[in-house]
Amino acid sequence: MTRPRSISHNLTRREFLSVSGASALSLPHLRVAEAAPTSQTSSGEQTTPPFSKDFLWGAATSAYQIEGAAREDGKGVSVWDEFVRKPGKIRDGQKGDVACDFYHRYAEDILHMRDMGLTAFRFSLSWPRVLPEGTGSVNQKGLDFYSRLVDALLAAGIAPIATLFHWDTPLALHRRSSWLSRDMPQWFGDYAAVVTRALSDRVTHWLTINEPRSFIGGAYVTGVQAPGEKLARAEYMRAAHITFLAHGRAVQAIRANTHRPAQIGYACDVSPSLPAADSAADAAAARESTFASPLDHFSGAHWWRENAWWLDPVFLGRYPASALAALGKDAPQILAGDMETIHQSLDFLGANIYGGWLVRAAAPGQLNAQPEEVHFPAGFPLTAFGWQVTPDAMYWGPKWLHERYQMPIFITENGCSSCDWISLDDKVHDPQRIDFTARYLLALARASAEGVPLRGYLHWSLLDNFEWQEGYTQRFGMIFVDFPSRRRIPKDSALWYARLIKSYGASLNVGPD
Ligand code: FCB
């Protein structure tokens with residue numbers, strides 16, 4: 001995610017009251033008891049869980065951020081391996097060459113996952129580890145690593161959820177124009193087929209592409225992520241279209257090669273607009289704004305506001321008409337058959353939800369009134385990254401996504417970075433992560449109680465890891481990693497999450513230990 005850091009704005013008193021009263025951080029009306037009839041045990045715990053028994057509880061990671069072993073066992077080079085070597089690109093000049101050393105320590109990490117009671121683990125495959133040149137000959141040792149990982153997860157009772165692409169494009173393909181080339185969907189489809197043939201006797205859950213919006217935004221619009229290019233709008237919109245085509249080809253490849261029935265999704269970053277006040281008018285305005293596609297959503301400044309462009313083609317088979325009209329000559333060229341390729345049948349909608357923006361309805365009586373953005377008030381709660389804490393996003397987001405796309409929703413990422421260190425008692429106390437996660441899960445429970453079908457929740461992240469251009473400065477894990485030694489310490493949140501999972505979410509409103 002490359003959302004801009006928060007901006008504080010001065011608000012009028014009326015704006016402040018409307019924001020602080022109903023929305024954002026406070027969800028005073030929200031109790032698990034609303035989600036399902038409950039009874040209490042003597043210890044005060046709720047006994048009727050807010051999520052179904054087959055809801056998957058897990059954590060999410062990605063290859064470049066955790067694996068390390070950047071040059072080992074025949075792995076090829078990715079754009080990230082190269083980008084981190086360019087001066088000034090990464091905070092403190094850090095690299096992911098070793099990262100969490102998950103490549104060598106995955107067995108220890110799976111023991112932690114088992115202790116936490118995780119029922120799912122999301123990882124991504126490094127494309128150049130499997131195909132060093134991106135196409136052509138397979139690096140069997142690379143594939144074997146993922147095979148061992150899958151076996152170890154299954155032995156621990158944890159469902160593997162495999163992402164095919166989490167931003168580490170093979171450098172060899174980058175040199176052949178990669179996401180700007182109409183050959184890329186075919187290359188990606190071929191890679192998907194190789195992986196599916198090797199793992200689908202055991203892996204049944206697949207995600208094609210992680211966060212196409214953030215991927216294109218970081219890689220080609222702002223250029224703050226690998227490969228670090230700032231292209232003209234027509235070019236990056238072409239890259240976006242090719243990314244959608246690659247998704248479609250990968251779905252076809254998985255379906256054609258899978259040994260077992262596959263559950264396929266697409267992990268999209270979604271940032272809904274949120275009603276600034278608890279009113280039907282603001283809710284309607286927020287809903288409209290969530291799926292609006294004005295031209296300014298296609299420039300770096302507001303890139304992370306756009307949702308419909310990144311979902312409609314995949315789930316509805318068309319781009320938002322208003323976006324195509326606004327983009328004009330910068331809209332991607334759509335060839336015959338493209339939209340059919342992009343619009344494959346999927347099993348769930350994967351949503352990475354970290355937060356949203358506040359809007360309110362325009363004052364009555366205005367002609368052509370549009371929802372208005374409400375700036376976050378000064379002092380609004382922020383994570384260590386500077387991202388606003390807006391749990392309501394986890395209620396309205398899934399609700400509106402389900403309404404519009406009629407798909408089961410899988411929360412494929414959510415979490416926060418916080419200022420964690422090893423305390424004098426040799427433990428890592430992270431009360432803010434616990435509070436953040438509880439608030440977001442309570443909001444999700446509310447969506448569930450209102451009938452939104454939910455497949456699971458994957459916390460970002462299992463481990464503190466390499467946070468892209470921020471290096472190791474943003475700690476997102478439930479497990480602390482002491483980077484000099486790579487020693488792992490489960491944080492308080494890991495213990496809290498374990499208890500939550502054990503109660504199927506019923507211990508949500510009890511608070512931290
Ligand atoms: C998401 C990315 C993930 C991580 C988190 C914090 O946008 O998918 O890799 O960086 O943000």
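Two strands pair if DSSP finds at least two bridges between them. Helices (H or I, at least four residues) and strands (E, at least two) are DSSP runs, numbered from the N terminus. The model is predicted: local features need pLDDT of at least 70, side-chain atom pairs count only at pLDDT 80 or more, and totals for chains, interfaces and linings use all residues. Residues are numbered from 1 along each chain as its sequence is written, and side-chain values use heavy atoms, with hydrogens and water left out.

**View A. The hairpin of β12 and β13.** Strand β12 (residues 479-482) pairs with strand β13 (residues 487-490) in the antiparallel sense, over 4 bridges. Ile 479 has Pro 490 of β13 opposite it. There are 4 residues between the strands, and Arg 486 takes a positive phi near 65°.

**View B. A closed barrel of 8 strands.** The strands follow the order β1-β2-β3-β4-β5-β7-β10-β11, with parallel pairing. Strand β1 (residues 56-60) and strand β11 (residues 454-460) run parallel and are joined by 5 bridges. Trp 57 has Tyr 457 in β11 as its bridge partner. Helix α17 (residues 431-449) packs on the sheet, where it touches β1, β10 (409-413) and β11 (contact means heavy atoms within 4.5 Å). The direction of α17 makes about 165° with that of β11. Helix α18 (residues 492-502) lies across β1 and β11 and runs at about 155° to β1.

**View C. Helices α13 and α16.** The axes of α13 (residues 308-316) and α16 (residues 393-405) come within 11 Å and cross at roughly 40°. The two helices are therefore oblique to each other (angles under 35 degrees count as roughly parallel, over 145 as roughly antiparallel, 65 to 115 as roughly perpendicular and the rest as oblique). Ala 308, Leu 311, Asp 312, Phe 315 and Leu 316 in α13 meet Leu 401, Arg 404 and Tyr 405 in α16.

**View D. The surroundings of Glu 67.** Glu 67 is placed in the loop between α3 (63-66) and α4 (79-83). Leaving aside residues up to four places away in sequence, Glu 67 touches residues including Asp 101, Tyr 103, Arg 129 and Tyr 146. Ala 99, another residue that Glu 67 touches, is 32 residues away along the chain, with 6.2 Å between the C-alpha atoms.

Definitions and conventions: Axes fitted to C-alpha atoms, helices over the stretch in contact; angles between N-to-C directions.
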